[in-house]
Amino acid sequence: MRIKLDRTVCDGFGTCAEHAPELFSMDEWGYPSLVGAGEVTDLQEAPARRALLDCPAHAIVELSVRQPMAAGGEAGVARTASAAREARSAPDPADPGEGRGSGAPW
Ligand code: SF4
């Protein structure tokens with residue numbers, strides 16, 4: 001699990017540091033910083049999720065997890081909407097009829 005803290009929306013109540021003091025350090029004004037780069041170990045995951053869910057400002061987010069490579073798929077990259085559109089509109093080289101078009105708009 002990896003988390004990110006958006007300090008621009010943080011309200012500074014410190015709930016995150018109460019739940020996961022090993023992941024959040026508080027500055028002298030009561031605002032948190034992530035300790036490290038946001039990597040959360042398995043042992044830290046429960047308090048990290050509690051901090052994430054209890055943050056009143058939704059300032060803590062879980063970064064997406066890369067997926068292992070599927071057979072014939074792309075490794076670890078979530079497909080975006082534009083990439084999906086491109087994949088659908090590309091001619092299929094295995095289909096000899098593909099691309100001849102009937103002139104119909106569908
Ligand atoms: S719980 Fe959320 S709003 Fe409160 S200090 Fe932590 S990040 Fe900021």
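Helices (H or I, at least four residues) and strands (E, at least two) are taken here as DSSP runs, numbered from the N terminus. Residues are numbered from 1 along each chain as its sequence is written. The model is predicted, so local features need pLDDT of at least 70, side-chain atom pairs count only at pLDDT 80 or more, and totals for chains, interfaces and linings use all residues.

On confidence: pLDDT, the predictor's per-residue confidence from 0 to 100, averages 79 over the protein, and 60% of the residues score at least 70. Residues 74-85 fall below 50. Where pLDDT is low, the coordinates should not be read in detail.

Now for the ligand. It has 14 residues around it, with Cys-10, Thr-15, Cys-16, Cys-55 and Ala-57 the closest; a residue counts as near if its C-beta atom, placed from the backbone, lies within 6 Å.

Cys-55 sits in the loop between helix 2 (45-54) and strand 4 (60-62). Cys-55 is buried because 21 other C-beta atoms lie within 10 Å, the cut-off for buried being 20 or more. Cys-10 is 45 residues from Cys-55 in sequence, yet their C-alpha atoms are 8.5 Å apart.

| Residue | Touches |
|---|---|
| Cys-55 | Thr-15, Cys-16 and Ile-60 |
| Ile-60 | Ile-3, Leu-5, Cys-16, Ala-51, Leu-52 and Cys-55 |

Ile-60 also turns up in the largest nonpolar core: of its 14 residues, Ala-48, Ala-51 and Ile-60 touch the most other members. Such a core is a set of buried Ala, Val, Leu, Ile, Met, Phe, Trp, Tyr and Cys residues joined through C-beta atoms within 7 Å. Helix 2 gives the most to this core, with 3 residues.

Key
Contact = placed C-beta atoms within 7 Å. Buried ≥ 20, exposed ≤ 12 C-beta atoms within 10 Å, placed from the backbone. Lists of a residue's contacts leave out its neighbours within four places in sequence.
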